[in-house]
Amino acid sequence: MKWQGRRGSSNVRTSKGGGKLIGGGIGGIVIAGILWLVFGVNPMTALQTGQVVTGGGGTSTEPATSTDRDTQFVKVVLADTEEVWHQIFSEAGSTYKEPSLILFNGQVSSACGSASAATGPFYCPGDQTVYLDTSFFVEMRQNLGIAGDQQGSGGQDNQGKAGDFAQAYVIAHEVGHHVQTLLGITQQVGEASRQVTRAEANKLSVLQELQADCFAGVWAQRNQERVQFLEAGDIDEAINAAGQIGDDRLARASGGAVVPDNFTHGTSQQRIQWFTRGLESGNVQSCDTFSGAL
Ligand SMILES: [Zn+2]
């Protein structure tokens, strides 16, 4: 994947620990109204997801100034998602509100509670922030065997390292959850989940995850149109990543029994299928994983 030489996002921050996360506010009301007009989303549901919890704990952050390769990479990928989603929202007559991304080391407090490296990358709707542990890339390369040796198929002019696009895909998936939050989908799923059995709630969660995969595919397609960043082998790499992090694979790898009711991300096959659908269409309308479910 080509990524050097493009704009890096100013929304990437590093966690310092302690202190409080301050943010949120009035902008949510405006966005809620716009979403209601454009997407038919109930403004109250969008509004609730836009609220930021400022009361309990949190983590103070500062702009990420590190020039190390992983930080630069994250900044460029996040900026790429900003460009694409601004474009898509604008085409729909709406305005995209950029998420923050916090790089943390070891442990972090979010509006969704505290998290550690073991949590894995996640998005918190309460503070509209993507959280990435700094060991995430290393673990992805090692534990999931994603980086692999792709030199053979990539040719000599590979600008990036093998595994770059798989990492970008994971960030794009988390940003997909942010888009779901802006559209009010996260809130709707949350409300529906409270009224059903645990097994049914897990099913809804799977559909939400698959939609985030599909949104990641849409992003990849639109970013390709914009900056031609894909290189030979990149799509296989993402498909491999999607396959590697399917719940069934994770359950097997950790020695646990695969129990479909506990799936929260979908099977490898489902994840690949929905990522591919988004990638081929480049259109968010193709990502209606919920049809018939809600
Ligand atoms: Zn997810």
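A crossing of two helices is left-handed if the near helix is turned anticlockwise from the far one by less than a right angle, and right-handed if clockwise; by that convention the crossing of H9 and H11 is right-handed. The structure is a predicted model, in which local features need pLDDT of at least 70 and side-chain atom pairs count only at pLDDT 80 or more, while totals for chains, interfaces and linings use all residues. Residues are numbered from 1 along each chain as its sequence is written. The protein chain has 11 helices and 7 strands, where helices (H or I, at least four residues) and strands (E, at least two) are DSSP runs numbered from the N terminus.

**Overall composition**

- Of the 294 residues in the protein chain, 44% count as buried, a residue being buried if 20 or more other C-beta atoms lie within 10 Å of its own, exposed if 12 or fewer, and partly exposed in between, with C-beta atoms placed from the backbone.
- Among contacts between residues at least 6 apart in sequence, 75% join residues at least 24 apart, and two residues are in contact if their C-beta atoms, placed from the backbone, lie within 7 Å.

**Nonpolar core**

- The largest nonpolar core holds 62 residues, of which Val74, Tyr169, Ile171 and Phe215 touch the most other members; such a core is a set of buried Ala, Val, Leu, Ile, Met, Phe, Trp, Tyr and Cys residues joined through C-beta atoms within 7 Å.
- Helix H8 (residues 198–227) gives the most to this core, contributing 11 residues.
- Phenylalanine 215, when neighbours within four places in sequence are left aside, is in contact with Gly176, Val179, Gly278, Val284 and Cys287.

**Helix H6 against H8**

- H6 and H8 pack at an angle of about 115 degrees with their axes 7 Å apart, the axes being lines fitted to C-alpha atoms, for helices over the stretch in contact, and the angles running from 0 to 180 degrees between N-to-C directions.
- The two helices H6 and H8 are therefore roughly perpendicular to each other, given that angles under 35 degrees count as roughly parallel, over 145 as roughly antiparallel, 65 to 115 as roughly perpendicular and the rest as oblique.
- H6 passes H8 in a right-handed crossing, and the contact is made by Tyr169, Ala172, His173, Gly176, His177, Val179 and Gln180 of H6 together with Gln208, Gln211, Ala212, Asp213, Phe215, Ala216, Trp219 and Ala220 of H8.
- By class, the contact of H6 with H8 has 8 nonpolar, 6 polar and 1 charged residues, where Ala, Val, Leu, Ile, Met, Phe, Trp, Tyr, Cys and Pro count as nonpolar, Asp, Glu, Lys and Arg as charged, and the others, Gly among them, as polar.

**Helix H9 and its partners**

- Helix H6 (residues 164–182) and helix H9 (residues 234–244) have axes that come within 8 Å and cross at roughly 55 degrees, which makes H6 oblique to H9.
- This contact involves Phe165, Ala166, Tyr169 and Val170 of H6 and Asp234, Glu237, Ala238, Asn240 and Ala241 of H9, and its residues divide into 6 nonpolar, 1 polar and 2 charged.
- The axes of H9 and H11 come within 7 Å and cross at roughly 145 degrees, with Ala238, Ile239, Ala242 and Gly243 of H9 meeting Ser268, Arg271, Ile272 and Phe275 of H11.
- The residues of the contact of H9 with H11 divide into 5 nonpolar, 2 polar and 1 charged.
- Asp234, Glu237, Ala238, Asn240, Ala241 and Ala242 are buried in H9, and what covers the buried residues of H9 includes H6, H8 and helix H11 (268–281).

**Loop residues and backbone angles**

- Most residues other than glycine have a negative phi.
- Glutamine 128, in the loop between E6 and E7, has a positive phi of about 45 degrees although it is not a glycine, and glutamine 128 is buried, with 23 other C-beta atoms within 10 Å.
- Glutamine 228, in the loop between H8 and H9, likewise has a positive phi, near 45 degrees, but glutamine 228 counts as exposed because it has 9 C-beta neighbours inside 10 Å.
- Glycine 126 lies in the loop between strand E6 (122–124) and strand E7 (129–133), and its C-alpha atom is separated by 5.4 Å from that of alanine 111, 15 residues apart along the chain.
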